[in-house]
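Here are my notes on this model.

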Amino acid sequence: MCLGIPGRIVAITHADRLMAMAEVSGVRREVNVAPVAGNDLEALVGQWALIHVGFAMALIDEEEAAKTLQALQDLGEAQETLEQMASSAEALA
Amino acid sequence: MALRDTHVTMAHGGGGRAMRDLIDEVFTSVFQPPGSEDQARLTGTALQEPGARLAFTTDSFVVTPLEFPGGDIGKLAVCGTVNDLAVGGARPLWLSAAFIIEEGCEIALLRRIVATMAAEADKAGVRIVTGDTKVVERGKADGVFITTAGVGVIPPGRDIGAARIRPGDVVIVNGVLGDHGAAILAARGDLALSTDLASDCAGLGHLMQAALAAAPGISAARDCTRGGLASALNEMAAEAGLAVEIQETALPLRPEVVGVCEILGLDPLYLANEGRLVLFCPEAEATAALAALRSLPEGRDSTVIGRASQGQAGRVTLRTAFGGARIVDMLVGEQLPRIC
Amino acid sequence: MKFASEFRDPVAARALLSAIARMADRIGASRDRPVHIMEICGGHTHSIFRYGLDKLIHDGIEFIHGPGCPVCVLPMARVDECVEIAERPGVIFTTFGDAMRVPGHRKSLMQAKSAGADIRMVYSPLDALELARRNPGREVVFFGLGFETTTPSTALSIQQAAREGLTNFSVFCNHITVPEPIRALLDDADMTLDGFIGPGHVSMVIGVHPYDFIARDYGKPLVVAGFEPTDLLQSVLMVLTQIAEGRAAIENQYARVVPEHGNPVSLAAIADVYERRPSFEWRGLGEIDASGLRIRAKYAAFDAEEKFGIGYAASSRNVPEIEGCCCGAVMTGKMKPPQCPQFGTGCSPEMPLGALMVSSEGACAAYWQYSGIRAAE
């Protein structure tokens with residue numbers, strides 16, 4: 001049961017009820033930020049969170065995201081090298 | 001002004017003076033149907049051309065909310081029937097409009113709906129020539145339901161339909177998909193989503209005429225209403241006995257529509273449109289068809305999204321961004337928001 | 001969409017597919033002797049079909065679609081109980097759209113709605129809470145459904161209702177947990193699984209360690225995965241790499257969302273509001289020990305089981321499932337959907353017999369919808 005999507009917290013709407021406005025691809029929806037609220041609610045504004053059934057369930061770790069993407073890119077480059085090696089091997093054969 | 005009430009009562013459906021006042025002031029003064037008989041008597045030179053055929057269609061309209069960003073139920077009722085005529089190759093000419101009104105409906109709202117209908121009819125070059133009203137008790141309808149019927153003329157020699165689609169025909173849509181469905185979902189308010197989306201509702205009569213003039217080889221067209229592009233393509237592929245493949249990367253979608261779909265777990269291919277058509281045309285005429293479509297505002301974002309081919313009859317396939325493929329089937333029931 | 005589209009990159013996907021193919025060849029996986037990888041979560045099943053990954057991936061990789069679709073494993077008796085609650089006078093019954101079409105013995109919620117029950121689809125338990133605030137004269141019941149991903153949201157909503165002193169809001173709790181059925185699968189003697197793709201959004205809440213036993217006690221690899229296509233492919237590659245290297249570990253591909261130890265606020269809310277039931281019934285799998293949650297006595301005022309005297313007693317569990325339905329065998333990987341004799345004949349999305357055909361996350365519906373397979377093989 002897992003439909004969750006990244007959204008950006010754009011404003012705190014009801015601090016007492018831990019409610020904030022999140023934006024997903026231009027669509028806004030009020031969400032509860034209890035799972036990700038630290039001491040300073042305002043600090044959430046501008047952060048990306050994983051939204052599930054109206055709750056910000058986790059903050060998205062941008063550094064980890066970048067690491068995953070880097071790994072994908074490295075793999076892509078390695079793949080390219082392999083393919084070049086294969087095609088030059090073919091050419092030599 | 002004889003009509004003093006602010007809301008419709010059962011008296012407005014009773015056949016007496018109140019009903020007469022409502023009809024005169026709200027409907028006929030705006031639509032100005034020809035003559036005062038209960039029937040429209042139509043003449044037109046288009047009808048007299050040898051080989052010309054009449055096209056006749058009807059559709060009922062219910063929507064919640066009655067007014068939404070980008071239109072209202074009146075605009076839907078005119079554009080929907082105009083489009084049903086247009087995609088069959090007909091030039092839309094005359095409409096009827098029948099209203100089932102719920103007791104308690106605000107008369108100012110009715111006036112706004114009727115004004116939109118008149119304006120849309122004018123834009124589409126059609127006349128609303130006859131109509132009817134009924135009033136039902138509160139709770140027996142949802143504000144107002146509208147049924148329109150439309151008559152148009154298909155010029156001699158024109159014959160388009162799904163059976164004429166040939167392998168190799170390209171598939172064209174006239175703009176971004178799903179705006180209407182997503183805008184209505186957001187406008188209903190029960191999902192608490194807010195967007196700047198507006199319905200794509202538009203009359204497509206002129207657009208279709210322009211496309212047919214530039215690309216007479218157009219084989220078939222459909223408007224992508226309920227069930228979205230996916231349903232229209234499935235119906236057409238089945239009737240043509242051909243397979244259709246569309247490219248995921250070519251599908252025009254607004255980010256907000258993608259957002260609504262991601263949040264609610266919906267597929268934009270099945271979202272309703274009210275101003276979108278899908279047409280098939282031979283590749284040789286695709287450039288001309290696109291140029292003609294793009295020359296009008298309602299076709300500005302027209303684009304090629306796929307192609308018909310021999311293959312399993314009725315099968316619609318989506319080629320994903322990295323070369324995967326999936327079947328785009330008919331929808332079973334309605335599409336429900338989901339969380340898993 | 002940031003944090004989504006980057007992970008749908010075709011170039012990266014192709015590189016991953018090639019790397020998977022090399023790794024599969026290295027460990028000798030082939031169409032006749034495939035590596036069986038179970039994606040536990042229905043969301044993953046959906047992504048696999050939506051992006052056509054099953055057709056793109058090396059022949060030697062076979063996805064087994066696991067029991068991680070809460071709608072699919074919901075016992076019919078529970079659907080009957082939902083209908084029973086929804087049909088009571090004064091009740092507004094709220095549910096996620098997913099559950100609307102699941103057949104009960106008498107009817108589905110969709111059918112109950114058309115027969116006059118006030119059943120409303122909501123996107124969030126918060127929306128049910130709002131309905132309760134606006135309708136003080138009505139009893140608003142929320143159908144709490146789902147795994148650990150969703151459990152905190154209902155727990156937090158119940159806590160909020162308690163803070164506000166709402167007296168007309170309750171939850172019909174059917175929350176279930178992921179690790180227990182996985183253990184049940186692994187204990188099955190016929191089990192042929194080689195590794196697992198773990199549900200990323202469950203681990204966003206519970207972290208990665210609740211799965212430690214899978215590697216430690218059963219020697220199987222599990223990789224917690226995100227839901228985008230390159231997430232899934234990368235996770236398959238990580239599972240294969242473990243197999244090739246003769247390792248079994250719990251790894252985290254989805255570190256951008258999943259913290260090692262989960263989310264403390266959510267875990268605290270779950271612990272505060274819920275306790276484990278001794279056992280809970282899973283459609284197709286039977287009773288599984290400690291796999292379901294119920295609302296603690298201190299929140300009894302918000303427990304629909306208490307309010308409506310429904311309870312969860314073994315005596316009411318003896319309602320038989322539909323004869324001939326093979327959902328259980330499909331969910332445990334013993335049977336592919338088209339191998340079920342009912343597939344396409346007795347069971348289709350129009351007339352679903354088993355729950356796997358109802359939910360778009362269900363393996364059978366996915367085969368039907370995305371692969372175009374129409375009849376039993």
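1. In chain A, the centres of domain 1 and domain 2 lie 37 Å apart, taken over C-alpha atoms. Domain 1 covers 5-60 and domain 2 covers 62-93. These bounds come from an automatic or database domain assignment.

2. This is a predicted model: local features need pLDDT of at least 70, side-chain atom pairs count only at pLDDT 80 or more, and totals for chains, interfaces and linings use all residues. Residues are numbered from 1 along each chain as its sequence is written, while chains are lettered from A and ligands numbered from 1 in the order in which they are written.

3. H14(A) sits in strand 1 (residues 5-14) of chain A. Strands (E, at least two residues) and helices (H or I, at least four) are DSSP runs, numbered from the N terminus. Why is H14(A) exposed? H14(A) has 10 other C-beta atoms within 10 Å, and a residue counts as exposed at 12 or fewer, with C-beta atoms placed from the backbone. H14(A) and E30(A) are 16 residues apart in sequence; their C-alpha atoms are 9.6 Å apart in space.

4. Contact means C-beta atoms, placed from the backbone, within 7 Å.

5. Between chains B and C, 22 residues of chain B touch 35 residues of chain C. On the chain B side, helix 8 (255-264) and strand 14 (325-327) of chain B each give two or more residues.

Definitions and conventions. Two residues are in contact if their C-beta atoms, placed from the backbone, lie within 7 Å. A residue is buried if 20 or more other C-beta atoms lie within 10 Å of its own, exposed if 12 or fewer, and partly exposed in between; C-beta atoms are placed from the backbone.
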